[in-house]
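Here is a short briefing for a reader who is new to this structure. Start with the sequence and the model below.

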Amino acid sequence: MEKYEINYLRQLESEAIHIIREVVANFKNPVMLYSIGKDSSCLLRLAQKAFYPGKIPFPLMQIDTGYIFKEMYEFREKINKNNNLKIIVYKNEDPVALSMKANQAHSEEYIYHKKTKPLLESIKKYEFDAAIGGSRREEEKSRAKERIFSPRTKEGVWNPKDQRPELWHLYNTRIKEKESMRIFPLSDWTEIDIWRYIKLEKIEVVPLYFAKKRKVIKRKNIYLRLDEYVSPKKNEEVLEINCRYRTLGCSPSTGAVPSTATTVDEIIEELIEAKDSERQNRAIDQNSDSAMEDKKKEGYF
């Protein structure tokens, strides 16, 4: 890796560590949201560095829909065991959420009951006043509107017009009683930055990020892997292709991309040439032009 790339990554690392320490210094009861993906893996490493040799002074929390890839569950347990973490796994157990099937994973109702509602409930239940997340501005246009410290109302609602200035890396962390803050230490990172940092720090990630032959079907122009949640319908052809995932989420709504990249170096090379959005294969982003922004206004992370 070139020296200027390492220096640049170390600057991003320093900024993120500073932000994480600011959260601990200014909030009574923070939590780090852990999606098990590559961004969460980087965020976890940054939190470990921020407080080394001490332990991370806040819990991690995963909002579990029950339909994520089995490799993600296995990875979560491995990381938890090897790092002595406190991970809260929270599910929406109400009858509406429990009745939802895998084939609804692309719907607005599913996102609300499986992701947004349990997130808001869990923050209220544990009285968290700050939630650190791995979102990046580069990922999606509504995320680009958010500042690093992004306030939420008592109801957990995000107002895109209520953005505070963050000049010279000075952050306004004040909130009123019952309000909360979302914080994004990776806001300034790109997808390639994430992978270069994974290489630099030798961070372990879910194997699904690396290409291998997988059996898939093409549904709504997205390659879905066959597993316990996804099976072919009549007239759907089963293909076996070399592919990998650029983002991870629920198996029935997250598509793979054709790829031959089996190492971190090959992924970086692939991304340098990539012209499509990182989230092009996430069905939940494609319901409308403002799909993500609408969800965030309801409380989605």
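Where does L167 lie? L167 lies in the loop between β5 and β6. This is a predicted model, in which local features need pLDDT of at least 70, side-chain atom pairs count only at pLDDT 80 or more, and totals for chains, interfaces and linings use all residues. Residues are numbered from 1 along each chain as its sequence is written, and side-chain values use heavy atoms, with hydrogens and water left out. Helices (H or I, at least four residues) and strands (E, at least two) are DSSP runs, numbered from the N terminus.

**Surface patches**

- L167, W168 and L170 make a nonpolar surface patch of about 420 Å².
- K124, K154, K176 and K178 form a positive surface patch.
- Patch residues have over 30% relative accessible area and no salt bridge; like charges are joined within 9 Å, and nonpolar side chains (Val, Leu, Ile, Met, Phe, Trp, Tyr) within 5 Å.
- Accessible areas come from the Shrake-Rupley method with a 1.4 Å probe, and for residues only the protein chains shown count as cover.
- Lys and Arg count as positive and Asp and Glu as negative, while His and the chain ends are not counted.
- A charge is placed at NZ of Lys, CZ of Arg, CG of Asp or CD of Glu.

- K178 is found in the loop between β5 (149-152) and β6 (180-183).
- K178 has a relative accessible area of 63%, so it is exposed.
- The cut-offs are these: buried is under 20% relative accessible area, exposed is over 50%, and partly exposed is in between (1.4 Å probe, protein chains only).
- K124 has its place in helix α5 (residues 108-125).
- K124 is exposed because its relative accessible area is 69%.
- K124 and K49 are 75 residues apart along the chain, and 28 Å separates their C-alpha atoms.

**Salt bridges**

- Side chains of opposite charge can pair when their charged atoms come close.
- The structure holds 21 salt bridges, each a side-chain nitrogen of Lys or Arg within 4 Å of a carboxyl oxygen of Asp or Glu.
- K199 is partly exposed, at a relative accessible area of 33%, and D265 is partly exposed at 42%.
- D39 and K38 form a salt bridge of 3.9 Å, N to O, and both residues are buried.
- D227 and R225 also meet in a salt bridge, at 3.7 Å from N to O.
- D227 counts as buried because its relative accessibility is 18%; R225, at 9%, counts as buried too.
- Salt bridges that share partners join R10, E13, R45, K49 and E201 into one network.

**R196 and its contacts**

- R196 sits in helix α7 (residues 191-201).
- Beyond its neighbours within four places in sequence, R196 is in contact (heavy atoms within 4.5 Å) with M1, E5, L9, I268 and I272.
- R196 and Y245 are 49 residues apart in sequence, and their C-alpha atoms are 17 Å apart in space.

**H106**

- H106 is found in the loop between α4 (95-98) and α5.
- With 29% relative accessibility, H106 counts as partly exposed.
- H106 and E266 are 160 residues apart along the chain, with 30 Å between their C-alpha atoms.
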